[in-house]
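Reader: I'm new to this one and would like a quick tour of what it holds. Can you take me through it?

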Amino acid sequence: AKDAGGNEVRFFEPAMKTTVTARATLDSELHEALKHNQFVLHYQPQVNGQGQVVGAEALIRWQHPVRGLLPPAGFIEVAEQTGLIVPIGLWALEEACRQLDRWSRDARYADLILSVNVSARQFRRHDFAEEVRNVLIRTGANPTRLKLELTESLLHDKVNETISKMKSLAAIGIQFSMDDFGTGFSSLSYMAQLPLNQLKIDKFFVHCIGINAKVELIIQTIIGMARNLDLEVVAEGVETGAQLAFLQTHGCNLCQGYLFGKPMTLPHFEAQFERRLAS
Ligand code: C2E
Ligand code: CA
Ligand code: CA
Ligand code: CA
């Protein structure tokens with residue numbers, strides 16, 4: 001590649017993603033993105049056993065001025081490393097709460113639960129609970145319609161702080177979901193102490209349905225355990241009727257995935273939601 005002259009940089013581009021320079025460039029671009037409001041939320045429906053849309057997950061995208069609409073895979077990790085995930089996550093929470101408040105004035109949407117992803121770094125901040133309460137006050141959103149998705153990595157943190165943060169938010173009606181359940185290293189005894197409402201089965205497991213009998217058993221175990229602990233179960237990544245049938249047969253409460261809809265812009269989400277109500 002040394003003789004490639006002008007092509008040299010392009011040749012090394014994939015590996016550069018991890019270099020300090022590339023990270024610094026992305027970091028400053030992300031700062032700009034926050035300042036110029038280049039993030040958007042997409043909404044993916046969550047459907048119950050009767051086929052009704054009862055909730056949505058808010059998923060962030062970056063409307064990049066040159067590169068177009070970018071999925072979180074390309075920037076969330078760097079934002080985690082640099083700490084920018086904290087203001088970005090706060091933006092996502094506030095945008096979601098603003099939408100919840102708008103929906104609260106339309107009877108058709110008023111009961112929808114909106115799930116928002118919270119990164120470990122964001123949750124770990126000492127003022128996390130206060131920030132969430134401030135967002136609710138600023139936006140007027142009803143806390144009982146908000147669900148925060150946390151990942152198992154939080155379970156490695158200071159137990160008492162985690163529990164007290166979650167409890168103080170649960171006390172005002174906020175719900176919690178354990179995201180990507182089964183992919184981390186959860187201690188079940190610890191998990192039982194947390195005020196959780198929902199377990200979310202990762203799409204990795206769902207995509208094994210019909211392919212891997214052992215993983216199917218794991219899914220059945222997760223659902224059974226959740227039900228014993230009085231937790232709702234939602235499966236993500238549901239793409240086929242066979243996956244849906246398996247999950248419903250074994251008592252999974254909610255499903256989310258391309259079978260029902262990809263993450264969509266707000267107008268698309270609302271159009272699909274209203275079409276479903278009419279049919
Ligand atoms: P996640 O929380 O596990 O979200 C589920 C991912 O699965 C989403 O990817 C969603 O588009 C995708 N998905 C949903 N249904 C299907 C399906 O049927 N098939 C397949 N193949 N994929 C499906 P997305 O939107 O690219 O988000 C990736 C990750 O980025 C999320 O994973 C989450 O960890 C993170 N993320 C997204 N928004 C935020 C945010 O506002 N804050 C934070 N901290 N993280 C976020
Ligand atoms: Ca999630
Ligand atoms: Ca309100
Ligand atoms: Ca996942």
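This is a predicted model: local features need pLDDT of at least 70, side-chain atom pairs count only at pLDDT 80 or more; totals for chains, interfaces and linings use all residues.

Reader: Which residue has a polar side-chain atom 3.0 Å from a nitrogen atom of ligand 1?
Author: Ligand 1 has 22 residues around it. A backbone N or O atom of Ile-60 lies 3.1 Å from a nitrogen atom of the ligand, and a side-chain N or O atom of Asn-117 is 3.1 Å from an oxygen atom of ligand 1. The side-chain contact at 3.0 Å, to a nitrogen atom, belongs to Gln-44.

Reader: How much of ligand 1 does the protein bury?
Author: Ligand 1 sits in the largest pocket. Taken alone, the ligand exposes 800 Å², and the share of that buried by the protein is 83%.

Reader: Which element gives the largest share of the shell around ligand 1?
Author: Elements that give two or more residues to this shell are α4 (85-104), β6 (175-181) and β2 (53-64). By class, the shell has nine nonpolar, six polar and seven charged residues. With four residues, the largest share comes from β2.

Reader: What coordinates the calcium ion (ligand 4)?
Author: The donor residues follow the spacing D-x21-D-x33-E in sequence. Asp-180 lies in strand β6 and Asp-202 in the loop between β7 (198-201) and α9 (203-206), 22 residues apart. At 2.1 to 3.1 Å, the calcium ion (ligand 4) is coordinated by Asp-180 (OD), Asp-202 (OD), Glu-236 (OE) and Glu-236 (OE).

Technical notes
Residues are numbered from 1 along each chain as its sequence is written. Chains are lettered from A and ligands numbered from 1 in the order in which they are written. Side-chain values use heavy atoms; hydrogens and water are left out. A residue is near a molecule or strand if one of its heavy atoms lies within 4 Å of it. A polar contact is a pair of N or O atoms within 3.5 Å; within protein, one must be able to donate a hydrogen and the other to accept it, and residues adjacent in sequence count only if both atoms are side-chain atoms. Accessible areas come from the Shrake-Rupley method with a 1.4 Å probe; for residues, only the protein chains shown count as cover. On a 1 Å grid over the protein atoms alone, a cavity is a set of points where a 1.4 Å probe fits but cannot get out, and a pocket is an open set with protein on both sides within 12 Å along at least five of seven lines; lining residues have an atom within 4 Å of a point. A molecule sits in a cavity or pocket if more than half of its atoms lie within 2 Å of its grid points. Ala, Val, Leu, Ile, Met, Phe, Trp, Tyr, Cys and Pro count as nonpolar, Asp, Glu, Lys and Arg as charged, and the others, Gly among them, as polar. Donors are N, O and S atoms within 2.8 Å of the metal (3.2 Å for Na, K and Ca); water is not among the atoms, so sites may look incomplete.
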